[in-house]
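Here is a briefing on one protein chain. Start with the structure, then read the points below it.

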Amino acid sequence: MKTKILTTICTLMIPIPWTILYLRSFAWALESPAAEITISCYCIFMIFSGLFTILSYFRGKVQNTLMKLCLVINGLYAMGGVTLFAMMILPKL
């Protein structure tokens, strides 16, 4: 049961970062404070989903085929989130 729940959670985390494409189609989402907050929230979610999947895979011993796919995708999301977050913070230093 634990395996199915963790796999489902990690699978549901995969399409969520793509919803930023829909949000960015609105004019208010392109203005400075809203854009920075939105991108920061998505970066934090992507990093969280990557860490959650890594912990579920290694500590939770959930190692099925779908979880391996989730591990790769959410791991890439986490690396992208760290990169985007660094790109936002480093110019301000």
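The crossing of α1 and α4 is left-handed, meaning that the near helix is turned anticlockwise from the far one by less than a right angle (clockwise would be right-handed). This is a predicted model: local features need pLDDT of at least 70, side-chain atom pairs count only at pLDDT 80 or more, and totals for chains, interfaces and linings use all residues. Residues are numbered from 1 along each chain as its sequence is written, and side-chain values use heavy atoms, with hydrogens and water left out.

**α1 against α4**

- The two helices, α1 and α4, pack at an angle of about 35°, and their axes lie 9 Å apart.
- Axes here are lines fitted to C-alpha atoms, for helices over the stretch in contact, and angles run from 0 to 180 degrees between N-to-C directions.
- On the α1 side, the contact is made by Leu6, Thr7, Cys10 and Thr11. On the α4 side, Leu66, Met67, Cys70 and Asn74 take part.
- Contact means heavy atoms within 4.5 Å.
- By class, the residues of the contact of α1 with α4 divide into 5 nonpolar, 3 polar and no charged.
- Ala, Val, Leu, Ile, Met, Phe, Trp, Tyr, Cys and Pro count as nonpolar, Asp, Glu, Lys and Arg as charged, and the others, Gly among them, as polar.

**α1 against α3**

- Helix α1 (residues 2-12) packs on helix α3 (residues 32-58) at an angle of about 155°, with axes 10 Å apart.
- The pair α1 and α3 is therefore roughly antiparallel. The cut-offs are under 35 degrees for roughly parallel, over 145 for roughly antiparallel and 65 to 115 for roughly perpendicular, with the rest oblique.
- α1 passes α3 in a left-handed crossing.
- Leu6, Ile9 and Cys10 of α1 meet Phe52, Thr53 and Ser56 of α3 in this contact.
- The contact of α1 with α3 has 4 nonpolar, 2 polar and no charged residues.

**Two sides of α1**

- Leu6, Thr7 and Cys10 are the buried residues of α1. Buried means under 20% relative accessible area, exposed over 50%, and partly exposed in between (1.4 Å probe, protein chains only).
- Seen down the axis of α1, these buried residues fall within an arc of 100°, so they line one face of the helix. The arc is that of the directions from the helix axis to the C-beta atoms.
- Cover for the buried residues of α1 includes α3 and α4 (65-89).
- The face of α1 turned away from its buried side carries the exposed residues Lys4 and Leu12.

- Thr53 is found in helix α3. Thr53 is buried, with a relative accessible area of 0%.
- Leaving out residues up to four places away in sequence, Thr53 touches Cys10, Met67, Cys70, Leu71 and Asn74.
- Trp18 is found in the loop between α1 and α2 (20-23). Trp18 counts as exposed, at 54% relative accessibility.
- The C-alpha atoms of Trp18 and Ile89 are separated by 22 Å, and the two residues are 71 residues apart along the chain.

**The whole chain**

- The secondary structure comes to 4 helices and 0 strands. Helices (H or I, at least four residues) and strands (E, at least two) are DSSP runs, numbered from the N terminus.
- The C-alpha atoms fill a box of roughly 45 × 30 × 15 Å, taken along the principal axes.
- Of the 93 residues, 31% count as buried.
- Among contacts with a separation of 6 or more, 71% are between residues 24 or more positions apart.
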